[in-house]
Amino acid sequence: MFKKTFLVVYIKYSSLFLKKAGDNVDFLLQNTDALLWLVLMIIFLIAEAATSALFSIWFAAGALASMLIALLQLPGWMQILVFLAVSGIILLLAKPLTEKMVNQKAVKTNADRVLDAVGFVTEEINNLTSRGQVTVLGQGWSARSADNTVIAAGEKIRVKEIDGVKLIVEKTEREEL
(Lines give C-alpha, C1' and ligand atoms only; values in the text may rest on other atoms or scores of the structure.)
Protein backbone atom coordinates (compact mmCIF):
# COMPACT_ATOMS: atom_id res chain seq x y z
CA MET A 1 0.00 0.00 0.00
CA PHE A 2 2.75 2.46 1.01
CA LYS A 3 4.81 1.73 -2.13
CA LYS A 4 1.79 2.24 -4.36
CA THR A 5 0.92 5.60 -2.72
CA PHE A 6 4.54 6.73 -2.91
CA LEU A 7 4.70 5.80 -6.60
CA VAL A 8 1.51 7.72 -7.40
CA VAL A 9 2.72 10.83 -5.54
CA TYR A 10 6.15 10.58 -7.20
CA ILE A 11 4.67 10.30 -10.70
CA LYS A 12 2.23 13.15 -10.06
CA TYR A 13 4.88 15.59 -8.81
CA SER A 14 7.48 14.48 -11.37
CA SER A 15 5.13 15.24 -14.23
CA LEU A 16 4.21 18.57 -12.62
CA PHE A 17 7.90 19.46 -12.23
CA LEU A 18 8.68 18.51 -15.83
CA LYS A 19 5.70 20.54 -17.06
CA LYS A 20 6.85 23.58 -15.04
CA ALA A 21 10.44 23.15 -16.24
CA GLY A 22 9.21 22.93 -19.82
CA ASP A 23 7.16 26.10 -19.33
CA ASN A 24 10.23 27.90 -17.95
CA VAL A 25 12.36 26.79 -20.89
CA ASP A 26 9.67 27.96 -23.32
CA PHE A 27 9.50 31.30 -21.50
CA LEU A 28 13.27 31.75 -21.71
CA LEU A 29 13.34 30.82 -25.38
CA GLN A 30 10.67 33.45 -26.05
CA ASN A 31 12.61 36.08 -24.07
CA THR A 32 15.93 36.10 -25.93
CA ASP A 33 17.30 39.09 -23.99
CA ALA A 34 16.97 37.21 -20.70
CA LEU A 35 18.51 34.13 -22.30
CA LEU A 36 21.47 36.20 -23.53
CA TRP A 37 22.08 37.61 -20.04
CA LEU A 38 21.79 34.10 -18.56
CA VAL A 39 24.40 32.79 -21.00
CA LEU A 40 26.69 35.75 -20.24
CA MET A 41 26.29 35.17 -16.50
CA ILE A 42 27.23 31.51 -16.91
CA ILE A 43 30.28 32.47 -19.01
CA PHE A 44 31.39 34.98 -16.36
CA LEU A 45 30.93 32.38 -13.61
CA ILE A 46 32.94 29.79 -15.55
CA ALA A 47 35.70 32.36 -16.12
CA GLU A 48 35.66 33.17 -12.42
CA ALA A 49 35.87 29.50 -11.47
CA ALA A 50 38.85 29.06 -13.81
CA THR A 51 40.86 31.78 -12.06
CA SER A 52 41.56 32.91 -8.55
CA ALA A 53 41.85 36.61 -9.31
CA LEU A 54 38.21 37.63 -8.75
CA PHE A 55 38.05 39.42 -12.08
CA SER A 56 34.65 38.48 -13.50
CA ILE A 57 32.37 37.88 -10.52
CA TRP A 58 31.31 41.55 -10.72
CA PHE A 59 30.14 41.05 -14.27
CA ALA A 60 28.21 37.90 -13.36
CA ALA A 61 26.28 39.93 -10.79
CA GLY A 62 25.65 42.64 -13.39
CA ALA A 63 24.42 40.03 -15.87
CA LEU A 64 22.05 38.62 -13.25
CA ALA A 65 20.58 42.06 -12.61
CA SER A 66 20.24 42.68 -16.35
CA MET A 67 18.56 39.31 -16.80
CA LEU A 68 15.96 40.32 -14.22
CA ILE A 69 15.44 43.61 -16.06
CA ALA A 70 15.08 41.67 -19.32
CA LEU A 71 12.45 39.43 -17.72
CA LEU A 72 10.46 42.61 -17.02
CA GLN A 73 10.74 43.23 -20.77
CA LEU A 74 12.43 46.61 -20.39
CA PRO A 75 14.42 47.95 -23.38
CA GLY A 76 17.93 46.77 -24.27
CA TRP A 77 19.60 50.10 -23.51
CA MET A 78 18.25 49.90 -19.95
CA GLN A 79 19.54 46.33 -19.60
CA ILE A 80 23.02 47.44 -20.65
CA LEU A 81 22.86 50.44 -18.32
CA VAL A 82 21.87 48.19 -15.40
CA PHE A 83 24.66 45.75 -16.29
CA LEU A 84 27.28 48.53 -16.27
CA ALA A 85 25.91 50.20 -13.14
CA VAL A 86 25.57 47.04 -11.05
CA SER A 87 28.95 45.67 -12.17
CA GLY A 88 30.64 49.00 -11.47
CA ILE A 89 29.03 49.54 -8.08
CA ILE A 90 29.81 46.02 -6.88
CA LEU A 91 33.36 46.33 -8.19
CA LEU A 92 33.91 49.64 -6.38
CA LEU A 93 32.39 48.40 -3.12
CA ALA A 94 33.91 44.94 -2.97
CA LYS A 95 37.32 45.34 -4.65
CA PRO A 96 39.13 46.85 -1.62
CA LEU A 97 37.85 44.05 0.60
CA THR A 98 38.81 41.30 -1.83
CA GLU A 99 42.25 42.81 -2.41
CA LYS A 100 42.90 42.56 1.33
CA MET A 101 41.89 38.90 1.28
CA VAL A 102 43.69 37.93 -1.92
CA ASN A 103 46.86 40.00 -1.63
CA GLN A 104 47.82 39.21 1.91
CA LYS A 105 51.47 39.83 2.66
CA ALA A 106 53.77 36.84 2.47
CA VAL A 107 54.47 35.19 5.77
CA LYS A 108 58.13 35.48 6.64
CA THR A 109 60.02 32.23 7.01
CA ASN A 110 63.12 31.47 9.00
CA ALA A 111 65.14 31.85 5.79
CA ASP A 112 64.14 35.53 5.58
CA ARG A 113 66.15 36.36 8.69
CA VAL A 114 69.41 35.89 6.78
CA LEU A 115 68.59 38.80 4.45
CA ASP A 116 71.13 41.60 5.00
CA ALA A 117 73.01 39.41 7.49
CA VAL A 118 76.81 39.18 7.44
CA GLY A 119 78.64 35.86 7.14
CA PHE A 120 81.80 34.37 5.70
CA VAL A 121 82.73 32.28 2.67
CA THR A 122 83.61 28.65 3.46
CA GLU A 123 84.12 27.57 -0.17
CA GLU A 124 85.16 29.97 -2.94
CA ILE A 125 82.16 31.51 -4.70
CA ASN A 126 82.45 31.29 -8.48
CA ASN A 127 79.28 31.77 -10.52
CA LEU A 128 80.90 30.36 -13.68
CA THR A 129 81.48 26.99 -12.04
CA SER A 130 78.27 27.18 -9.96
CA ARG A 131 80.20 26.63 -6.75
CA GLY A 132 80.29 28.41 -3.45
CA GLN A 133 79.35 27.96 0.18
CA VAL A 134 78.87 30.46 2.99
CA THR A 135 78.01 30.37 6.66
CA VAL A 136 75.47 32.91 7.84
CA LEU A 137 74.00 32.97 11.36
CA GLY A 138 75.63 29.60 12.01
CA GLN A 139 74.00 27.87 9.03
CA GLY A 140 75.69 26.65 5.84
CA TRP A 141 74.23 27.82 2.52
CA SER A 142 75.02 27.48 -1.17
CA ALA A 143 75.85 30.94 -2.47
CA ARG A 144 76.32 32.93 -5.66
CA SER A 145 77.90 36.34 -6.12
CA ALA A 146 75.50 39.22 -6.81
CA ASP A 147 77.93 40.90 -9.21
CA ASN A 148 79.46 37.72 -10.72
CA THR A 149 82.85 38.29 -9.05
CA VAL A 150 84.84 35.47 -7.51
CA ILE A 151 84.87 35.71 -3.72
CA ALA A 152 87.65 33.77 -1.97
CA ALA A 153 87.17 31.48 1.02
CA GLY A 154 87.42 33.35 4.32
CA GLU A 155 86.06 36.65 2.91
CA LYS A 156 83.21 38.44 4.68
CA ILE A 157 79.92 38.68 2.78
CA ARG A 158 76.50 40.33 3.16
CA VAL A 159 73.35 38.52 1.97
CA LYS A 160 71.45 40.57 -0.65
CA GLU A 161 68.66 38.13 -1.56
CA ILE A 162 67.56 34.52 -1.55
CA ASP A 163 67.10 32.68 -4.85
CA GLY A 164 65.51 29.32 -4.13
CA VAL A 165 67.96 27.58 -1.78
CA LYS A 166 70.91 29.79 -2.70
CA LEU A 167 71.98 33.04 -1.12
CA ILE A 168 72.95 35.89 -3.43
CA VAL A 169 75.80 37.67 -1.65
CA GLU A 170 78.23 40.51 -2.07
CA LYS A 171 81.68 40.98 -0.60
CA THR A 172 81.70 43.31 2.38
CA GLU A 173 84.36 45.11 4.41
CA ARG A 174 85.50 43.64 7.68
CA GLU A 175 84.43 46.69 9.72
CA GLU A 176 80.76 46.00 8.83
CA LEU A 177 80.73 43.07 11.25
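Author: Five strands form a closed barrel in the order S1-S2-S3-S5-S4, and their pairing is mixed. Here two strands count as paired if DSSP finds at least two bridges between them. Strands (E, at least two residues) and helices (H or I, at least four) are DSSP runs, numbered from the N terminus. From one strand to the next the twist averages 50°, an angle between N-to-C directions on a scale from 0 to 180 degrees, with axes fitted to C-alpha atoms.

This is a predicted model, in which local features need pLDDT of at least 70 and side-chain atom pairs count only at pLDDT 80 or more, while totals for chains, interfaces and linings use all residues. Residues are numbered from 1 along each chain as its sequence is written, and side-chain values use heavy atoms, leaving out hydrogens and water.

Ser145 stands opposite Val169 in S5.

The loops may be considered next. Most residues other than glycine have a negative phi. Ser130, in the loop between strand S1 (118-126) and strand S2 (131-136), has a positive phi near 55° and is not a glycine. With a relative accessible area of 47%, Ser130 is partly exposed, a class that lies between buried (under 20%) and exposed (over 50%), computed with a 1.4 Å probe on protein chains only.

Gln73 lies in the loop between helix H3 (57-71) and helix H4 (76-102). Gln73, likewise not a glycine, has a positive phi of about 60°. Its relative accessibility is 64%, so Gln73 counts as exposed.
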